[in-house]
Amino acid sequence: MSETVASSEVRYDAHAVEEKWLPVWERLDAFRADDASVVAGEKPKFYGLTMFPYPSGDLHMGHAEVMALHDVLCRYKKFRGFEVLNPMGWDSFGLPAENAAIKNDEHPATYTYANIETQFASFKKYGLSFDWSRRLHTSDPEYYHWTQWLFLKLREQGLAYRKNSPVNWCPNDQTVLANEQVLADGTCERCGAEVTKKELTQWYFKTTAYAQELYDSLDDLQDTWIPKVVNAQRNWIGRSEGAHVTFDIEGHDPVAVFTTRPDTLWGATFMVVAADAKLAAELVSDEQRQALEDYLVDVRKASDIDRLSTERPKTGVFLGVHATNPVNGERIPVWASDYVLADYGTGAIMAVPAHDQRDLDFARVMDLPVRRVVDTGEENPEESGVATNGNGSYVNSGPLDGLTDKTEGIRRAIELLEADGHGTGTVNFRLRDWLLSRQRYWGAPIPVIHCPVDGEVAVPEDQLPVELPELRGADLKPKGTSPLGAASEWVNVSCPTCGGPATRDTDTMDTFVDSSWYFFRYLSPHDGTQAFDPALAKAWGPVDFYLGGSEHAVLHLLYARFFTKAMRDMGLIDWDEPFSAYLSQGTVINNGHKMSKSLGNGVALGAQLDEYGVDAVRLTLVFASPPEDNIDWADVSPAGSAKFLQRAWRLAGDVTSAPGTDAAGGDVALRKVTHKTVHEAAQLLDTYRFNVVVARTMELVNATRKAIDSGCGPEDPAVREAAETVAILLSLVAPYTAEEMWERLGHQPSVAQAAWPTVDPALLVEDAVTAVVQIQGKVRGRLEVSPDISEADLESVALADPAVVKAIDGRPVRKVIVRAPKLVNIVV
RNA sequence: GCCGGGUUGGCGGAACGGCAGACGCGAUGGUCUCAAACACCAUUGUCCGAAAGGGCGUGUGGGUUCGAAUCCCACACCCGGCACCA
């Protein structure tokens, strides 16, 4: 860059500077986290975590943004005296490597570890403050050894189990998926294919065992996690309060339903069972059996699009049996319909058509009775066709008649049900157990052996890890069952219990299992004897700040929370939540759209780094917007960032005072700007407003430039103080430029090891402030006054000001509000 | 439909209930140059005005307050989550 610029301006070459400092930083190894000082409690700890990448190709813009943002905070915490743990690794199991291996007839590890080395080199060049001594890869046997160990621990607790159930199946990836991996439109989160259902025996983690706690402790995260993620988790877990009510059925065992409105039980005029639930087949009468089967054929034919439509007319079939309403003894018919879901609640509902729109729609189609039991003052639903669900007075509801409050009605109804044994108050969750087995190769094998005599047998701990057999190329072709099944010498083993012939489980674990505990492994990544050192977990945990993508709002974050709680209950750790604070960064887009090959609007990180240098790209990403907002690359200016960095750097060259010069006698005006900037920057950094920190640093650069050119001059000690402050603030975002400045200012590297500037409170006090004089709340004058002016003095000065007198224009002053020293408001 | 977040110049965005638009991008004018690029300087919410100065301005409509981008109520629109979840 610089050699092509014919200019009198002095500038530095961004690329030469990158080459220069990388080996120096390597030698200094300044970001290695010291366990001892944290275990001993000598220093406060800061565990900063940012989501580790999947090794597909090189790093891209998205990585650049999240890493740049995270680095700002970690470097700042180090300046503030924290012992910082900022590790990085790779989430290196997963399908892209497997698909590449099939295509190129090679082993997934080839693709995986080649990409890891590429990304590692890019990370280094990007100048991040990672402690690389803790680097890990989830696909290493040394890592998945402990993934398997944790699986077995969870299984011992009954938190990992196998069951046969209808599951989500991705026809493209040829594997099952967890609910969390199916998007709202019924497509695969990974590849976008339309997900279908299959009935299969699969492994599950019992996330539902922690549904209540996962939901409740969101309250504790409310203030430190970004709201949309807390909200997404609440919605996903889907807690709803209500009651189970038991209905006697003629000729069958009683059936329980879940309802959130037990107070409307007197208006239940029929019952509906999910058509595809076992219950429907059990209840149906012989005469109606054929009708139910015909209906089921129709239901299964309906496409997902139809199923997802809420406008679809209700359908169903009478099951030929009747139930008894427990509160009024009424005999009500039992129907089957697909508008009731088999896997939510009990798969059966009591229908209260007057107060539930879905039930009303169904009642109208099937000509079933509608009875209003809450009079809300609106038109009777029986006539209007619009169900009411607000507060109103209860009618036709026996003991509830006369009540007018819904909450009270629900409370009383539950009391009555519990008193005579017809039901109980209960809480229902939408969350399901996590389906964790996958029919693919490149993942951690499930460490279980199936024996015809002993059934499921855990692989003994001393035989872990169960390493993947060597398979490559065509052997990995998806065929609906796990490729591991083809490795017969691997599959066929003797039973650990009886020694007889047995077979290994051939499924591998969802890669989200690997990432559910990686933040523990960073604590002691090379420990061959345990998953992590409990003493280090106690010292470093939990993670103080976690930055990552919002696509993991439910997926990874929910799974990691589940793991943490389960591990706590196993006595492995003593904290409840893995991530004390969570922020998700926005996406880097281009021209209003997500970058994509099909749109041709991709911006290659490498090309940007080559053109503008690492620091300019990092600065651009941090300055563009608040961290959680999207950045449109078309709206930002890396060239402008590079220009600013040159301007900042030039300050260091202009300083003529010697290193170590006491700033005390320096220009007070500039010193005030410097100290105020440091003071505000600290507050802004503590609240993650990194873009504003950059703006404040720019202001300090501008003020320093002005002081050098047309103020106190380059030899003033205040100029040195300001330039050194700029270097320190800039080192959070632009480490190369900052290091250059630091060196030019006569200091030893590294600026990252410099002391955070001490703010002198005396310099935060202004000696003159601008007081605003308002008349009727509109600004009509400005006064330069002392910051400690009295209210009375300020009022009299304001009222005497000629501009104010003119604006008052002789009108009588009715009231004067004085907020010394900043404001006077005159009401006339 | 329910839940969460948002709406500020041409653009990205700043603003403890007290000077709206910091900082930057872009644009315009200028300096340098044979010229351009780079760099540097100046101007830049909008309307009226030659200027001084003034009117209007933070999605819309109300409210609280001496004073509202900021607090309250209602509405519109945008983004995200959930959704025939009983």
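Reader: Contact means heavy atoms within 4.5 Å. Which residues does Phe205 touch, not counting residues up to four places away in sequence?

Author: This is a predicted model, and contacts are read from its atoms. Residues up to four places away in sequence are not counted. What remains for Phe205 is Phe151, Leu154, Leu159, Ala160, Asp433, Trp434, Leu436, Val513, Phe562 and Phe563.

Reader: How many residues has the largest nonpolar core?

Author: Phe205 is among the residues with the most contacts inside this core, together with Tyr126, Phe151, Trp434 and Phe563. The number of residues in the core is 185.

Reader: Which helix gives the most to this core?

Author: The helix in question spans residues 61-79. Its share of the core is eleven residues. It is helix H3.

Reader: How many residues has the other core, which lies apart from that one?

Author: Its members include Tyr295, Ala323, Ala348 and Val373. The count for this core is 56 residues.

Reader: Is Val255 buried or exposed?

Author: Val255 lies in strand S7, residues 255-259. Buried means under 20% relative accessible area. Because Val255 has 5% relative accessibility, the residue counts as buried.

Reader: What separates the C-alpha atoms of Val255 and Gly347?

Author: Along the chain the two are 92 residues apart. Val255 also touches Ala348, and its other contacts include Val245, Phe247 and Leu283, leaving out residues up to four places away in sequence. Between the C-alpha atoms of Val255 and Gly347 the separation is 9.9 Å.

Reader: Which strands stand at the edges of the open sheet formed by four strands?

Author: The order in this sheet is S28-S27-S30-S29, with mixed pairing. An edge strand has a single partner strand, so one side of it is left without a neighbour in the sheet. This holds for residues 778-785 and 815-819, that is, strands S28 and S29.

Reader: Which residue in S30 stands opposite Gln774?

Author: Strand S27 covers residues 769-775 and strand S30 covers residues 823-827. The two run parallel and are joined by four bridges. Opposite Gln774 stands Asn825.

Reader: At about what angle does helix H28 run to S29?

Author: From one strand to the next, the sheet twists by 15° on average. Helix H28, residues 791-800, lies across S27, S28, S29 and S30. Relative to S29, helix H28 runs at about 125°.

Reader: How far apart are the end C-alpha atoms of residues 53-63?

Author: An unreviewed UniProt entry places the short sequence motif "'HIGH' region" at these residues. Over this stretch the chain is 27% helix and 0% strand. Its end C-alpha atoms are separated by 8 Å.

Terms used:
Residues are numbered from 1 along each chain as its sequence is written. Chains are lettered from A and ligands numbered from 1 in the order in which they are written. This is a predicted model: local features need pLDDT of at least 70, side-chain atom pairs count only at pLDDT 80 or more; totals for chains, interfaces and linings use all residues. Side-chain values use heavy atoms; hydrogens and water are left out. A nonpolar core is a set of buried Ala, Val, Leu, Ile, Met, Phe, Trp, Tyr and Cys residues joined through side-chain atoms within 4.5 Å. Buried means under 20% relative accessible area, exposed over 50%, partly exposed in between (1.4 Å probe, protein chains only). Two strands pair if DSSP finds at least two bridges between them. Axes are lines fitted to C-alpha atoms, for helices over the stretch in contact, and angles run from 0 to 180 degrees between N-to-C directions. UniProt positions are given in the numbering used here, feature names are shortened, and annotations may be inferred rather than shown by experiment.
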